[in-house]
Amino acid sequence: RAVAMSVSHSSRLNKLVREQYMRLPQDGKVQVTYVWIDGSGEGVRCKSRTLDKEPKSIEDVPEWNFDGSSTAQAEGSNSDMFLTPVCMFRDPFCLDPNKLVLCEVLKYNRKPAETNLRHTCKKIMDLVRDSHPWFGMEQEYTLLGINGHPYGWPDNGFPGPQGPYYCGVGADKVYGRDIVESHYKACLYAGVKICGTNAEVMPSQWEFQVGPCEGIEMGDHLWMARFILHRVCEDFGVVATLDPKPMTGNWNGAGCHTNYSTEEMRREGGIKHIEAAIEKLSKRHDYHICVYDPRGGRDNSRRLTGHHETSNIFEFSAGVANRGASIRIPRQVGQDGCGYFEDRRPAANCDPYAVTEAIMRTTVLNETGVETKDYADH
């Protein structure tokens, strides 16, 4: 009874009845769901429309608009915002030939909305394309009941201490695996570059990984993976939170560890380029902390305490196989003398466009200090 009450009402609707309608033919028409980032910089929104035929490329999907005053992105007196399609995926909920389309948000004057961080990220990625930056991001998240309590935790207490839950198996070790596996399959169907998943250290906390992705593709695929996660959780009646520290006390927080390399780091002898990049990052720690969560570091300050497999937010550190460092060089990379490194500082609710852009500005464009350079005229 207690577990049943922690899921949403809509999840208990009869799904077999829904299936009857989902099987109906569409008479050649195609349903396209437009997805965008709202004014919080963390939430995603969506709405759908009918196209007369299946779009074969993103250019076949028309621009659209929405009411920005209802998403904290515009005033009511001038509320229309533009949705510019940028990346298309198969729809794992309505199935082929239907599509999910990620969009950038533009204001009435066609300038990017404040939370449209893709716009400048794309500009930077175009500038550094010859270095062929690869990224992989590890998205941690926590499943909550509709009551806001971690899913599967006792109603009036806590589970046993951390230890048996990481990559755990068994009904007393993991909660919500159905959601995780459904999300994985849905991402594979959609064409999202999901590459793995595992149960995390805190019970009811999970992680999925996206990558390797080159350049702007990293942000596009992680945002769509997040949308699909929220949509799958909706079907199961639970909530996925990206809060970096959902439970206070002796529990792990949630990050979005970012693995990164350039072509020269991946080549033989690339370790010297990895070490040079880490040296640049060490001199720009404050700048990166400011862009690694949506609140200028305030969210991460709850997580980066130097405990629970994190570094201290006030200090930069790096080491081989060290999960308590800002930057971790995997042991295999140290042995091979080339490969990639992991930035462990980004929070679970970071914007991947902001994170990947910041890394490129510092390590390839050699920016220093807390100010960023405008390359618009170059």
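User: Two strands pair if DSSP finds at least two bridges between them. How many bridges join E4 to E5, and do they run parallel or antiparallel?

Analyst: In this predicted model, where local features need pLDDT of at least 70, side-chain atom pairs count only at pLDDT 80 or more, and totals for chains, interfaces and linings use all residues, strand E4 (residues 80–90) and strand E5 (residues 99–106) run antiparallel and are joined by eight bridges. Strands (E, at least two residues) and helices (H or I, at least four) are DSSP runs numbered from the N terminus, while residues count from 1 along each chain as its sequence is written, and side-chain values use heavy atoms, without hydrogens and water.

User: What stands opposite Cys 87?

Analyst: Leu 102, in E5, stands opposite Cys 87.

User: And which order do the five strands of the open sheet take?

Analyst: The order is E2-E1-E5-E4-E3, with mixed pairing. At the edges are strand E2 (44–51) and strand E3 (64–67), each of which pairs on one side only. Neighbouring strands are turned by 40 degrees against each other on average, direction ignored, with axes being lines fitted to C-alpha atoms, for helices over the stretch in contact, and angles running from 0 to 180 degrees between N-to-C directions.

User: Switching to the hairpin, what do E7 and E8 look like?

Analyst: Strand E7 (residues 194–199) pairs with strand E8 (residues 205–214) in the antiparallel sense over five bridges, and Ala 199 has Trp 206 of E8 as its bridge partner. Five residues lie between the two strands of this hairpin, and Ser 204 in the turn has a positive phi of about 75 degrees.
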